[in-house]
Amino acid sequence: MKDFYSVNEFSKLSGVEASTLRYWDDIGIFSPIKRDPENNYRYYSLAQITALNFVATMSDLGIPLKTIAELRKKRDPEKLSRVLEKKSRELDMELRKLRERSSIIHTKQEMIRFGLRVDENQISVMFKEEDRQAVLWPRNEYKQGDTFIEPLTAFVNQAEKLRINLSFPIGGRYENMETFTEAPDRPDYFFSIDTTGTNVRKRGEYLVGFARGYYGELGDLPKRMAEYAKENDLNIPGHVYITYPHDEACFPEPDHYLAQVMVAVSRPKHRARA
């Protein structure tokens, strides 16, 4: 044990960089216990470790250096509590943003990986084991000659005010198979696959088909899905959902985009044989 430690020695003991110790001394936040009058070298004592830990902790929490200096100059538990409460609220907001960004990443990854695994030429019935949350946007209004572009553009301009995060994948919802077949490029609603949304696509059996092409350009997929349902004695009374596991983020050519179409199905009860 020594009475005094040089800046480099004290840095090793405390875990605070020597350059940081010098800087904090220069701005008056944390200074050495003494200086050598001949060479002006800084010297610290072990008794300063507690004070240094306070400064380092506040700095690590992101408390401004000016505020730390004020807290050091005038010790006040109520003021320290207010400073920490303010920082706590800031951190809570940052955590919410980080959780949201993480959710966006996982949602996009899930869709991309799913698109890599599917047989895009196959129409089949899949069982979705989990509910899927989403934010359902207001009903689209179309004028003569409009496609999805016009209502989508109009809504994007309002998204921030409505606190809708456009970074989540976006899909289209149709009231039923009939409206989907008549105008596949004009969904009745848009939705964002946001895990905080209150609109839920329930778990269960879905008729699923895929198509390559620009948004809304599905070729004969609606017709083939309707025929498949009829041939397999499936009822399709519910909403139709369209998402794009692979979109412009995956391919520069619009004809390579991959659309996934889903509609909930039910099977009629078999009549008892005579």
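Colleague: What should I know before we start?

Modeller: It's a predicted model, so local features need pLDDT of at least 70 and side-chain atom pairs count only at pLDDT 80 or more, while totals for chains, interfaces and linings use all residues. Residues are numbered from 1 along each chain as its sequence is written, and side-chain values use heavy atoms, with hydrogens and water left out.

Colleague: Why is Thr-243 called buried?

Modeller: Buried means under 20% relative accessible area, exposed over 50%, and partly exposed in between (1.4 Å probe, protein chains only). Thr-243 has 6% relative accessibility, so it counts as buried. Thr-243 sits in strand β10, residues 240-246; a strand here is a DSSP run of E with at least two residues, and a helix is a run of H or I with at least four, numbered from the N terminus.

Colleague: What does Thr-243 touch?

Modeller: Leaving out residues up to four places away in sequence, Thr-243 touches Met-111, Gly-171, Phe-191, Ile-193, Leu-258, Ala-259 and Gln-260. A contact means heavy atoms within 4.5 Å.

Colleague: What makes strand β6 largely enclosed?

Modeller: Four of the five residues of β6 (residues 170-174) are buried, so the rest of the structure largely encloses this strand.

Colleague: How do you know that β6 pairs with β7 and β10?

Modeller: Two strands pair if DSSP finds at least two bridges between them. β6 and β7 (residues 189-192) have four bridges, antiparallel, and β6 and β10 have three, also antiparallel. Gly-172 stands opposite Phe-190 in β7, and its bridge partner in β10 is Ile-242.

Colleague: What makes a group of residues a nonpolar core?

Modeller: Such a core is a set of buried Ala, Val, Leu, Ile, Met, Phe, Trp, Tyr and Cys residues joined through side-chain atoms within 4.5 Å. The largest one has 28 residues, and Leu-218, Met-225 and Val-261 have the most contacts inside it. A second, separate core of 18 residues includes Tyr-5, Phe-10, Val-16 and Leu-71.
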